[in-house]
Amino acid sequence: MPAAEMHSEVSISGKRSFNGELSVPGDKSISHRALLISALSSGTSTVKGLSTGRDVMATRAVIAQLGAEVRSLGDLLAIEGGPDRLSPPNSVLDVGNSGTLIRLGAGMVAGLGGTYTFSGDESVNKRPMKRIFNPLRQMGATIDAADNGETAPFTLRSYGLHGIRYSLPVASAQVKSSILLAGLGASGTTTVIETMPTRSHSEEMLAEAGAKLEIVRLPDRKEISIQRSSLKPMDYVVPGDPSQSAFWIVAALISRDSQVTVRNIYLGELRSDFISVLVRMGADITVANTSKNSGDVTAKSSQLRSTTIAAEEIAGLIDEIPILCVAASFAEGVTTITGASELRVKESDRISVMSSALRSFGVEVEEFPDGMAVTGGSCMHSGNVFAHMDHRIAMACSVLAAAVSGTTIITGFDTVDSSYPEFLADFERLTKS
Ligand code: S3P
């Protein structure tokens, strides 16, 4: 079948304004963890506000395959879990497009013990897995993997893990979380050392669920130690996903006569740094109704200026770089991003894919091995984009397409469903004048 028939296409006409208020799906990182931790907790947990994306639905299916009972109760999901209910299934655990599920799921089942096979879609099966294989093997698991032991599909066997002390070689919350979940079922103490801080949902949520977990913050590192623990059921309320809100915030900033409010989004550590970056670019953004770690964010049309995004900022912006590149395309001057080589191993190679997408809109881009330089304000026009099975590329380019003149075709748009199935409906509603 020719490529064009296999991929969904969406055409987006430009020169639009964005106005209105909305809620975005529940945070994806918190949703995955709420389901996995509930599956491990003896008793009934509930989750409210779960992400509606396909990735989180894959996690729901995986925990059910392992033996958790998952029921919808109105707007709640009830999960009956606990290690006694869980056992290795006879079939493959299919993670779809989700890198978070495959890495966290592998750690979780390694801690439970038994033999498990994981696989995902074409994008996931290309992503590097040695980053979790190495520590899980050191803890005692055996892993046979495709592509010379580098990628999924893989089969993991675990018959009793022991704790390790492990310094993360890459700044990755997924790797940290995989080891912590394995550590929950390991003998002795498992310590993960982080020199570059990453999102802290796993350690926070595991501690709330009663894990024996200790955090030591030192000037140059954070050490998280976990011991074999029983978890208690919880009632989780998932706030809106800041990474999804970033698309509407940037849409309002770069489009004329625009003002958008995104309600109740998670604003905790290392998840809302894109707001500070946009503010230093001159964005008119206000945050209101803050409670705990969430709040409402309003953005208005703004004249942006370029900025420099340094290596130490990347972990806090990792999912927002594609949409920040769109903001940079409208900012006066050259925005430089460095220290971001991790972007090359996301759902797509986001440095290369985003550079070609921006060039198709007439944006001047220089690509580096670990980042890019985007010249703003160049002569932009409609573009032509292939999403490469990467939801964030499709959504970032939709926002850019809406701000320039002409009609842009985005091929492979349905990848958006992995995190934000309502994206197109929200886009149409906000741009209806
Ligand atoms: C995530 C961590 C990040 C992020 C991903 C979600 C998580 O990945 O890009 O979308 O939920 O832990 P890395 O930890 O690989 O950087």
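Guide: Start with Arg85 and Glu69, whose side chains meet in a salt bridge at 3.7 Å, N to O. A salt bridge here is a side-chain nitrogen of Lys or Arg within 4 Å of a carboxyl oxygen of Asp or Glu. This is a predicted model: local features need pLDDT of at least 70, side-chain atom pairs count only at pLDDT 80 or more, and totals for chains, interfaces and linings use all residues. Residues are numbered from 1 along each chain as its sequence is written, and side-chain values use heavy atoms, leaving out hydrogens and water.

Back to the pair. Arg85 is in the loop between strand E5 (76-81) and strand E6 (93-94). Glu69 is in strand E4 (residues 69-73), 16 residues apart from Arg85. Strands (E, at least two residues) and helices (H or I, at least four) are DSSP runs, numbered from the N terminus. Arg85 is partly exposed at 35% relative accessible area, and Glu69 is partly exposed at 33%. Buried means under 20%, exposed over 50%, partly exposed in between (1.4 Å probe, protein chains only).

Next, Glu223 and Arg165 form a salt bridge at 3.0 Å, N to O. Glu223 is in strand E13 (residues 221-227) and Arg165 in strand E10 (residues 165-167), 58 residues apart. Glu223 is buried at 11%, whereas Arg165 is exposed at 52%.

Then comes Arg280 with Glu313, their closest N and O atoms 2.7 Å apart. Arg280 lies in helix H10 (residues 273-280), and Glu313 in the loop between strand E18 (308-309) and helix H11 (321-329), so the pair ties together parts 33 residues apart in sequence.

The whole structure holds 27 salt bridges.
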